Amino acid sequence: MDGRGILWTQFILAAAVARTARALLDRAPAATSASDSELLFSYADTHGGSGRIEPPAMLAAVLAHGRDFTTPCFHAAMTATPGHPGSWVLAGRVIGGLPRLAFEADVNDIAPEVIAAAKDNREVGWTRFWSHDWFQFLRNRIAMANRPHFVFIDPPPDDPRGPGYAIDAAILLDTLGIPYMVSYPVESPQDPIDQIGRTGLELHRDGWGCGVLLGGGGETVVLDVLADLHRMAAVLGGEFIVRLPRPPADDYCI
């Protein structure tokens, strides 16, 4: 994924995590004392990486237009702490900017050396590190008593199983009501989107593109960010395209 794809995906991820966290706060009883004022927000990342990446080339342009965006969580997370974060560090920054929430993450990467580097990049909260096949990680994680509040499924592009496991994972999380986001290249076939039954939010530029699907409750952020996605696509020199499931898939949300 190039720098534009990273920024596109991270912008949507930050907004979806913030929306999910605010829903958790809305459902929680009011705090009656300092001892019960903090709530735990649990995040899981199937392909988390080291937590640090090189700043994408377009980052400065995106940040320069920060006042044009109505959803500020991504821009706030980018400017709060030096260094460009990977997805799970970004999620921690977003949660750290909200009241009453403590952050925990389960971060998976198949490469042990990446996990070793990730241990030095924690910023907030508590992190469990895994090094498994991503689908095995997800299956084991949701079997734990404290299910995650949000899951980012970022299938490796060289996974020989193709999109099938991402379909299974998305349908499973929808069934369990666990908010999630799945990333994919836009050259992926239509069938996975039809089978998952969710709307694709895609960035297209010069024959290249990337997209994400949101579900399990995470799709509620879509209406919040639609206008901002047009703005983000323009800043990135691309076009925002919505890809809908084809009939008879009718469970999508926009």
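**Sheet architecture, helix packing and salt bridges**

In the strand pairing of the chain, Ser42 stands opposite Glu104, a residue of strand 2. The structure described here is a predicted model, and the pairing to which these residues lead is that of strand 1 (residues 39-45) with strand 2 (residues 101-108), two strands that run parallel and are joined by seven bridges. Both belong to an open sheet of eight strands, arranged in the order 3-2-1-4-5-7-6-8 and with mixed pairing. From one strand to the next, the twist averages 15°.

Helix 4 lies across strand 1, strand 2, strand 3 and strand 4 (150-153), and runs at about 175° to strand 2. Because nine of the 10 residues of helix 4 (residues 87-96) are buried, this helix is largely enclosed by the rest of the structure; among the buried residues are Trp88, Val89, Leu90, Val94 and Ile95, and the list also includes Arg93. Helix 7 (residues 164-176), in turn, lies across strand 4, strand 5 (180-185) and strand 7 (208-215), with an angle of about 160° to strand 5.

Over the whole chain, nine helices accompany the eight strands. The radius of gyration is 17 Å, close to the 18 Å that the globule rule gives for 254 residues, and the chain is therefore as compact as a globular protein of that length. Taken along the principal axes, the box filled by the C-alpha atoms is roughly 50 × 40 × 40 Å. Of the 254 residues, 51% are buried, while the chain exposes about 11400 Å², of which carbon and sulfur atoms supply 56%. Among contacts between residues at least 6 apart in sequence, 72% join residues at least 24 apart.

Side chains of opposite charge can pair when their charged atoms come close. With a cut-off of 4 Å between a side-chain nitrogen of Lys or Arg and a carboxyl oxygen of Asp or Glu, the count comes to 14 salt bridges. One of these joins the side chains of Asp224 and Arg19, with an N to O distance of 2.5 Å. This pair links distant parts of the chain, since Asp224 belongs to helix 9 (residues 222-235) and Arg19 to helix 1 (residues 3-27), 205 residues apart. Asp224 counts as partly exposed, at 30% relative accessibility, and Arg19 is likewise partly exposed, at 30%.

A further salt bridge is formed by Arg246 and Asp191, whose closest N and O atoms are 3.2 Å apart. Arg246 lies in the segment after strand 8 (239-243) and Asp191 in helix 8 (residues 190-196), so this pair ties together parts that are 55 residues apart in sequence. Arg246 is partly exposed, with 42% relative accessibility, as is Asp191, with a relative accessible area of 42%. Arg205 and Asp206 also form a salt bridge, the closest N and O atoms being 3.2 Å apart; here Arg205 is partly exposed at 28% relative accessibility, whereas Asp206 is exposed, with a relative accessible area of 69%.

Note on methods. Residues are numbered from 1 along each chain as its sequence is written. This is a predicted model: local features need pLDDT of at least 70, side-chain atom pairs count only at pLDDT 80 or more; totals for chains, interfaces and linings use all residues. Side-chain values use heavy atoms; hydrogens and water are left out. Helices (H or I, at least four residues) and strands (E, at least two) are DSSP runs, numbered from the N terminus. Buried means under 20% relative accessible area, exposed over 50%, partly exposed in between (1.4 Å probe, protein chains only). Two strands pair if DSSP finds at least two bridges between them. Axes are lines fitted to C-alpha atoms, for helices over the stretch in contact, and angles run from 0 to 180 degrees between N-to-C directions. Contact means heavy atoms within 4.5 Å. The radius of gyration is taken over C-alpha atoms; the globule rule is 2.2 Å times the number of residues to the power 0.38. Accessible areas come from the Shrake-Rupley method with a 1.4 Å probe; for residues, only the protein chains shown count as cover.
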